[in-house]
Amino acid sequence: MKQFLYFGAFALWIVMIAATPLLADNYTIRVAISIAMFSAMAVSWNFIGGFTGYPSFSTAAFFGLGCYAGALAQRNGVPLVLAWVFATLFVAVFAAMLGAIILRLKGHYFAIGSIAIVDLARLITSSWGSLTGGGDGLNVPLLQGTPQEVSALVLYVMLAILIVAFLTSIYVDRSRLGFGLKCISQNEDAADMVGVNTTSFKIVAYTLSAVFCGAIGAVYASWVGYIDPTDSFSILLTLKVPVMVLLGGAGTLLGPVLGAGVFVLLEEVFWANFLEWNRAILGGIIVFQIFFLPNGLLKIQYRTLFRKLMNKLAEAPKPAEKSS
Amino acid sequence: MDIIQILLNGIVLGSLYACIAIGFSLVWGVLNIINMLHGSFIILGGYLAFFAWQYSHINPIFLLPIIATLLFGLGYLLQYFFINKVVMSPVLTTLTLTFGLDMILYNLMTVFFTATPRRVTLDLGSLNLGDMYLPVDRLLGMGLALLLTGLLFLVMRASKIGRAIVAVRMDRQAATLMGIRVNNVYAITFGIGAFMAGAAGVIFSLVFPITTNLTGTFLGKAFVICVIGGLGSVPGALIGGIALGLIESFAGYTIGPQNATTVGFVLMLFLLIVRPTGLVGVKGYE
């Protein structure tokens with residue numbers, strides 16, 4: 001019953017986002033695209049960070065590689081949709097190969113290694129000027145159509161990626177794979193002992209965490225029409241996505257979507273009103289969340305919270321009566 | 001270019017790198033925290049040095065103890081009131097928290113100091129030995145960096161607080177039972193990390209232009225050096241720093257300066273996988 005409620009809420013949310021091109025102005029559509037984009041990346045990250053419990057910070061590397069793979073394929077004459085598919089596959093293969101190497105690390109070393117991947121990808125992209133245009137960036141062929149049509153198309157493609165990612169996460173959650181990943185999250189050695197093939201499970205989770213980011217990156221590159229190494233491989237992005245998942249609730253199905261939605265909306269409000277302090281406010285949200293929402297928005301016991309609040313309100317006047 | 005010149009450049013750069021990484025390594029080794037604030041601490045130290053120098057025209061070298069002590073205070077307070085609360089949590093939580101704090105500090109710096117590159121120019125000239133060329137400000141920076149590193153080594157080895165830090169690193173619970181106030185030791189350790197970062201920032205402002213955009217670069221260097229040298233020892237950070245300085249210097253000469261940083265990162269990933277304890281992998285701050 002509760003599950004139906006949750007999935008109903010998800011479906012309603014998707015419908016609301018999908019309806020923006022019909023009802024709202026361009027700015028709202030842009031926000032809707034951001035929400036779909038970050039939700040898809042958050043759902044992806046959840047495979048490795050939420051289910052498996054590995055502190056992976058390589059999201060931006062996959063996103064950026066997706067951007068560049070899609071853009072370069074298009075510039076070399078590959079049709080649009082094929083270029084997106086190519087970028088997705090390229091990132092998947094890259095992540096699987098990288099995972100086989102880097103997943104031998106644990107804890108802090110894994111975190112550092114995965115951040116270093118982002119730095120390394122950016123440095124190589126910047127210095128390999130003949131292929132990637134270096135620091136000057138790369139122009140990507142623009143999508144055909146009026147601005148409204150383009151943003152509607154981008155929105156629907158991103159939403160489609162989000163839905164596929166979400167369905168995959170439901171499937172993984174209920175399958176043997178998901179069970180194994182949760183075992184790894186609790187105790188990797190014990191999981192290994194009882195027969196979970198930890199190495200291949202982790203590689204699958206890592207690849208899943210990359211593949212949707214790659215697809216999103218390719219579509220994003222076509223949408224904005226220009227990419228450069230600093231924006232594509234940004235450390236801020238690589239930390240923002242885990243923060244969104246933590247905000248919603250790591251390891252849950254709906255947490256990433258909820259967290260990404262809340263975070264993007266908050267970010268828009270702060271961009272609009274406190275441009276200069278935007279970064280500090282986001283930092284403040286992160287600090288607040290670590291201390292007050294350690295398990296995310298989904299895990300709050302709203303009923304207990306409400307009861308506590310009511311009790312407090314009911315108790316409050318009593319001391320006043322006594323003293324008077 | 002002469003090979004000796006490259007070697008010298010590498011060693012000078014490497015000593016500065018060691019000074020950057022040593023506080024980061026201490027915090028990681030003792031508190032088990034990846035301190036994303038480290039880059040911003042360095043830049044903050046550099047900015048404070050620049051503005052203090054601009055207003056008072058006192059040589060920043062004399063201001064270094066004051067600025068570094070200010071950063072010690074900042075680090076102590078941050079650790080005592082924020083990071084101590086989650087210090088036992090998994091790396092995801094602690095890293096994210098320090099990153100959140102870093103975003104706040106970064107924003108404050110860009111608002112109050114703006115991102116214009118600034119440099120303390122002392123015009124000390126340069127030493128010419130034969131056909132080698134060594135700017136005096138760099139030599140001075142190297143001397144200071146090595147001095148600070150040596151001092152930290154002595155503090156860790158001989159002072160009461162240094163021994164307490166080593167004890168907490170070895171066994172937190174046993175240290176508590178021996179009457180060490182662990183939270184206080186953690187805060188002091190983080191403070192020392194910030195102190196070293198601030199001092200490194202002052203030194204850097206003498207040698208390179210300082211801007212907020214460099215925080216990520218410095219942080220990346222600290223990662224690489226910690227992995228090369230191994231965590232949790234002063235000699236490790238020193239060796240890691242000088243190794244990275246030499247590697248970048250030689251790589252810059254052979255395959256171009258734009259690729260020098262890349263080589264460092266590749267080496268780091270390689271070492272992470274092959275030998276995650278680093279070249280000088282010792283167990284504690286003995």
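User: What makes E1(B) and E2(B) a hairpin?

Analyst: In this predicted model, two residues lie between E1(B) and E2(B). B:Gly130 sits in that turn, with a positive phi of about 65°. E1 covers residues 126–129 of chain B and E2 covers residues 132–135. Both are strands, that is, DSSP runs of E with at least two residues, numbered from the N terminus.

User: How do you know that strand E1 and strand E2 of chain B pair?

Analyst: Pairing requires that DSSP find at least two bridges between two strands. E1 and E2 of chain B have four bridges, in the antiparallel sense. Therefore they count as paired. Across the pair, B:Leu127 stands opposite B:Leu134 in E2(B).

User: Why does the radius of gyration of chain B agree with a compact globule?

Analyst: The radius is taken over C-alpha atoms, and the globule rule is 2.2 Å times the number of residues to the power 0.38. For 286 residues the rule gives a value near 19 Å; chain B has 18 Å, so the two agree.

User: What makes a residue buried, and how many residues of chain B count?

Analyst: A buried residue has 20 or more other C-beta atoms within 10 Å of its own, with C-beta atoms placed from the backbone. By that test 52% of the 286 residues in chain B are buried. In chain A, 49% of the 324 residues count as buried.

User: What makes up the contact between the chains?

Analyst: Residues are in contact if their C-beta atoms, placed from the backbone, lie within 7 Å. Chain A gives 33 residues and chain B gives 34. On the side of chain A, H5(A) gives the most, with twelve residues. That side divides into 22 nonpolar, seven polar and four charged residues. Nonpolar means Ala, Val, Leu, Ile, Met, Phe, Trp, Tyr, Cys or Pro; charged means Asp, Glu, Lys or Arg; the others, Gly among them, are polar.

User: How are residues and chains labelled, and which pLDDT values are needed?

Analyst: Residues are numbered from 1 along each chain as its sequence is written, while chains are lettered from A and ligands numbered from 1 in the order in which they are written. In this predicted model local features need pLDDT of at least 70, side-chain atom pairs count only at pLDDT 80 or more, and totals for chains, interfaces and linings use all residues.

Note on methods:
Contact = placed C-beta atoms within 7 Å. Buried ≥ 20, exposed ≤ 12 C-beta atoms within 10 Å, placed from the backbone.
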